[in-house]
Structures are given as C-alpha cells and as structure tokens.
Amino acid sequence: MTPVTSPPRGRAAGADGPPDGSGPGLEAEDVQAAFDAAVAADERIEPRDWMPDTYRSTLVRQIAQHAHSEIIGMQPEANWITRAPSLRRKAILMAKVQDEAGHGLYLYGAAETLGTSRDELLDKLHAGRQKYSSIFNYPTLTWADVGAIGWLVDGAAITNQVPLCRCSYGPYARAMVRICKEESFHQRQGYELLLALTRGTEAQRAMAQDAVDRWWWPSLMMFGPPDDESSHSAQSMAWKIKRHSNDELRQRFVDICVPQAEALGVTLPDPELRWNEERGHWDFGAIDWQEFREVLKGNGPCNEQRLHRRRTAHENGAWVREAAAAHAAKHTATHATGHTADHAADRTAADRDDRVEPAAAGPAQPNTAPDTAPDTAPDGAGAPSASRSTRSRA
Ligand SMILES: [Fe+2]
Ligand SMILES: [Fe+2]
C-alpha cells in the first residue's frame with residue numbers, strides 16, 4: 001500500500017483536540033479506514049489529508065480535463081468577439097470568454113493542490129496526452145452558434161457541474177461553486193441571444209434553428225459514454241467525486257431542454273423525442289457514439305486547429321510568463337532585504353515600463369497577436385451574410 005506521508009484527516013482538525021486517529025506510526029489500513037469513513041460521512045477530503053493514489057490520479061485526470069476544456073472552450077466563441085453584432089453583445093461575449101479563462105485558472109489551481117503543476121498539465125495537453133471536452137472540436141459557423149453554445153453547451157456543463165459542488169475533494173468542490181454561478185450567467189446569455197434571433201426575421205430564426213440542429217447531439221455527448229461503457233464511473237461514484245451517472249445527467253438535461261426549446265420556438269433535431277408518462281421523462285433517440293469516438297480520437301472538424309492555436313498562444317505568451325517570474329523574483333528579493341524605499345522606486349519604474357512597453361513593441365509583437373488572430377483566421381467556413389443579418393436585431 002501507499003506509504004503514509006501525512007497524518008490522516010480528522011474531523012475539524014484543530015478545533016476539538018487532535019484529529020481522529022492522527023499521529024506517527026499509523027498503519028496504511030488505518031489511514032485508508034479514516035479516508036473511507038470521511039467519504040462515507042460526506043466530509044471533504046483536503047489536500048493534506050491522506051488519500052489513495054488512485055483517488056489522487058483520478059482527480060488529477062478529471063480536473064485537468066476539465067481545466068483544459070475551459071481554456072480550449074474559449075476558442076470557438078472568441079472567434080465571434082470581433083464580429084458581435086452590437087457593443088452590448090460584444091461586451092457580454094468578452095466577459096463570458098474571460099470567465100472561461102478564470103475557470104481554467106481555478107481548476108489548474110485545484111489540480112496543483114494534488115501535487116501536479118499547471119506546466120505539467122499544459123505540456124500534456126499540448127502533446128495530446130490529455131483530453132478536453134469533445135464539444136469544442138466543432139466549428140462556430142454563425143453568430144447563432146454563440147447562443148446555442150451558451151444555451152446548450154454551458155447548460156450541459158451546469159447539469160454536469162452542479163453535483164460536483166458536493167464532490168468529496170474540497171478544493172475541486174469549492175472551485176465548482178464559483179464556476180457554476182458563472183456558468184448560469186453563460187447559459188442565460190445564450191438563451192436570451194437565441195430568443196432575440198427567434199423573435200427576429202425569418203433568416204434569423206432559421207439561423208438559430210440551424211445552430212440548435214448542429215449543437216444538440218454533441219451537447220448530449222458531453223455527458224460521456226453510456227453508463228455500461230463508462231470505465232471510470234462506478235469508482236468515481238463510490239468516492240463521491242461523481243454523484244450521478246452519465247445517463248442520469250443526460251436525461252436530466254434533456255428534460256430541462258425540451259420545454260425551453262418550446263419557449264424559444266426551436267425544434268430539437270430528434271424525431272424520437274417524446275414524453276414518456278410511465279417514466280416521467282422525455283424519451284430520446286440514439287446518440288451516434290461512433291461520431292463521439294472519432295472526435296475524441298482527434299478526427300473532429302477542429303481538433304487540429306484548436307490544439308495548434310493553443311500551442312501557439314502558449315509559445316507567444318512565454319515572454320509574459322518570464323516577465324512575471326522575473327518580477328516576482330525581484331519583489332521577493334526586495335522584501336527579503338527590507339529595502340522598501342528601493343522597492344517603491346523599482347515599482348514606479350516597473351509601472352513606467354509597463355506603460356511604455358506595448359507602444360514600443362509595435363504591432364508585430366506577440367502581445368498584440370491574440371486580439372487579431374481569431375478574426376484573421378475565422379473558425380470553419382464562417383457565414384458573414386448571416387452575421388450581418390443579425391446585426392440589426394440581436
Ligand atoms: Fe466555464
Ligand atoms: Fe461557460
């Protein structure tokens with residue numbers, strides 16, 4: 001068994017005397033029992049608590065995949081920031097895409113508490129050794145896709161993630177609380193965007209319907225393979241990382257979406273969708289798992305483009321990381337020697353440098369690239385005429 005590197009968790013350690021069962025010389029069986037008891041009692045496992053290696057590696061895999069999905073997920077929508085049909089829509093979309101970067105940050109932070117650095121996880125993402133959600137390998141062809149992503153993709157994410165707020169691992173659960181609040185805003189902005197389109201012209205209504213037609217099935221795939229094929233589900237549920245099965249969550253999502261689609265005035269592209277009185281749920285058609293597996297394998301419409309842009313953005317951002325590290329080192333050194341006056345002078349100089357640098361850098365420097373990249377290299381085929389038609393309404 002795993003060597004014991006830290007005392008086992010106790011309940012409310014420090015508050016009521018020594019943690020239960022803590023102390024040196026504990027047998028591995030004892031810490032395993034303490035872990036099992038904590039999970040059974042719905043307590044949180046914290047970073048310094050003992051945990052089985054497989055619990056740790058399962059969490060790292062899941063949190064990394066989640067973090068990667070947040071930052072790769074910025075790409076399909078960032079593609080539309082420069083072409084948003086109004087200042088209001090642009091501001092909302094920018095805030096949303098920025099939120100996704102923040103979600104990535106919370107999650108990489110949560111993974112770090114398990115002893116895995118962000119650099120290591122990013123290297124694995126860039127090398128194709130860790131996955132992100134297959135949904136982000138589909139292109140955003142029209143402005144309505146921004147609405148469909150908000151409504152369906154963020155909606156599916158919420159359905160998946162609300163139960164994760166009760167995940168047994170403390171840092172992950174707490175990150176999810178904040179993320180879910182923001183996802184809820186994302187879902188509403190998507191719904192409201194689609195509503196503006198479906199209440200608009202015939203062309204706008206058709207554009208909204210087309211987006212829903214393309215995003216519906218991939219959204220259902222976001223819940224992962226069916227329960228009988230899901231290799232990690234049972235163990236994750238036993239550890240209370242996961243609270244509901246893939247199929248259960250998928251059904252919940254379908255049940256939520258059907259009345260919303262009706263209110264929006266769009267049709268969900270599934271002829272087998274019908275209310276099942278006996279089950280008290282909506283029945284739906286078979287999912288094309290072959291397509292899911294292909295996209296997961298890297299053969300989706302945008303896999304290559306997404307990873308290529310991610311790697312390029314990472315390379316272009318190297319100077320920012322170096323500068324931040326150099327600044328942090330200088331800051332630490334200044335504080336260590338207590339030269340506060342010198343530090344204040346340095347700080348002023350640094351602020352001055354910060355102001356001067358972008359102008360001096362000129363348009364070809366990497367720091368200006370992210371702003372222009374999405375627009376100069378549109379995602380997929382693009383539909384400028386459709387986006388223009390939106391301009392007057394949405
Ligand atoms: Fe997110
Ligand atoms: Fe989101």
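This briefing covers a metal site, the cysteines and a pocket. The model is predicted. Two iron ions, ligand 1 and ligand 2, are 3.4 Å apart. The whole structure has 0 disulfides. The second largest pocket holds about 1,200 Å³ of space.

**The iron site**

- Four residues supply the protein donors of the iron ion (ligand 1): Glu70 (OE), Glu100 (OE), His103 (ND1) and Glu183 (OE).
- These donors lie 2.0 to 2.2 Å from the iron ion (ligand 1).
- Along the chain, the donors follow the spacing E-x29-E-x2-H-x79-E.
- Glu100 coordinates both the iron ion (ligand 1) and the iron ion (ligand 2).
- Distant parts of the chain are linked here: Glu100 sits in helix H4 and Glu183 in helix H7, 83 residues apart.
- Ideal angles for four tetrahedral donors at a metal are 109.5 degrees.
- The 4 donor atoms around the iron ion (ligand 1) subtend angles of 85 to 142°. The tetrahedral range ends at 135 degrees, so the arrangement is irregular.
- Glu100 counts as buried because its relative accessible area is 6%, under the 20% cut-off.
- Glu183 is also buried, at 1% relative accessibility.

**The cysteines**

- A disulfide is a covalent bond between the sulfur atoms of two cysteines.
- Cys167 is buried, with 0% relative accessibility.
- Cys180 is in no disulfide either. The nearest cysteine sulfur to Cys180 belongs to Cys165, 3.9 Å away. The cut-off for a disulfide is 2.5 Å.
- Cys180 counts as buried too, at 10% relative accessibility.

**The second largest pocket**

- Rolling a probe the size of a water molecule over the atoms shows where empty space is left.
- The second largest pocket has about 1,200 Å³ of space, and 45 residues line it.
- Which lining residues are closest to the centre of this pocket? They are Gln62, Gln65, Asn160, Met222 and Gly224.
- Several helices give two or more residues to the lining, among them H2 (53–72), H4 (87–112), H6 (144–161) and H7 (170–198).
- Helices H3 (74–78), H9 (233–238), H10 (246–264) and H11 (289–299) also give two or more residues.
- By type, the lining residues divide into 17 nonpolar, 17 polar and 11 charged.

Note on methods:
Residues are numbered from 1 along each chain as its sequence is written. Chains are lettered from A and ligands numbered from 1 in the order in which they are written. This is a predicted model: local features need pLDDT of at least 70, side-chain atom pairs count only at pLDDT 80 or more; totals for chains, interfaces and linings use all residues. Side-chain values use heavy atoms; hydrogens and water are left out. On a 1 Å grid over the protein atoms alone, a cavity is a set of points where a 1.4 Å probe fits but cannot get out, and a pocket is an open set with protein on both sides within 12 Å along at least five of seven lines; lining residues have an atom within 4 Å of a point. Grid points are joined across faces, edges and corners, and a volume is the space filled by probe spheres set on the points. Helices (H or I, at least four residues) and strands (E, at least two) are DSSP runs, numbered from the N terminus. Ala, Val, Leu, Ile, Met, Phe, Trp, Tyr, Cys and Pro count as nonpolar, Asp, Glu, Lys and Arg as charged, and the others, Gly among them, as polar. Donors are N, O and S atoms within 2.8 Å of the metal (3.2 Å for Na, K and Ca); water is not among the atoms, so sites may look incomplete. Four donors count as tetrahedral if all angles lie between 85 and 135 degrees; four count as square planar and six as octahedral if opposite donors are over 155 degrees apart and all others between 65 and 115; anything else is irregular. Buried means under 20% relative accessible area, exposed over 50%, partly exposed in between (1.4 Å probe, protein chains only).
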